[in-house]
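Here are my notes on this one, in numbered points. Have the model open while you read.

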Amino acid sequence: MNQTYQTIGMIHTIGDVQLKGQDGTFRIRHFVLVENPADSYPTYAEFKTVQDMTDRLDDFRTGQLVMVSWNLAGRKWKNPDGIDVYFTDLEAAKIDLVEAVVDQDPERGPVTAPVTPAPAPAPNKSDEVPF
């Protein structure tokens, strides 16, 4: 059973779709998040999307604040010299917009405003007919 983790960060880069596999139909796309971009030493993390999730990145742009739900994936491979090599991926399972960047301050990083749905109209409590 895979455990799902969540990370909030600003999209730093979004890569192009890469076609892999013998027949070239397996799609991979990477993107990088930065946590706390205004810190002296911000954290950069590269995530991988595969197949249909690669298209999901078309909905986002650099500078947007997102929450990524992801799974830790690791592979072991024996190279031609017989040495075990290990690969680790952060595989994105879901990406959601958290906030909209309303201004970009070069010293503080992005200035954001919460993304909230429009409020529902108030119900008409009057028993009067409107004409």
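**Backbone notes**

1. Let's start at Q51, which sits in the loop between β4 and α1 (53-56). Its phi is near 50 degrees, a positive value in a residue other than glycine. Most residues other than glycine have a negative phi. At 32% relative accessibility, Q51 counts as partly exposed, because that class falls between buried (under 20% relative accessible area) and exposed (over 50%), with a 1.4 Å probe and protein chains only.

2. A caveat on the source: this is a predicted model, where local features need pLDDT of at least 70, side-chain atom pairs count only at pLDDT 80 or more, and totals for chains, interfaces and linings use all residues. Numbering runs from 1 along each chain as its sequence is written, and side-chain values use heavy atoms, with hydrogens and water left out.

3. N36 is worth a look too: phi is near 50 degrees there, a positive value in a residue other than glycine. You'll find N36 in the loop between β3 (26-35) and β4 (43-50).

4. On the overall layout, the protein has one helix and seven strands, in the order β-β-β-β-α-β-β-β from the N terminus on. These are DSSP runs (helices: H or I, at least four residues; strands: E, at least two), numbered from the N terminus.

5. Of the 131 residues in the protein, 24% are buried. Among contacts (heavy atoms within 4.5 Å) with a separation of 6 or more, 50% come from residues 24 or more positions apart.

6. As for surface, the protein exposes about 9,600 Å², and carbon and sulfur atoms supply 51% of it. Areas come from the Shrake-Rupley method with a 1.4 Å probe; for residues, only the protein chains shown count as cover.
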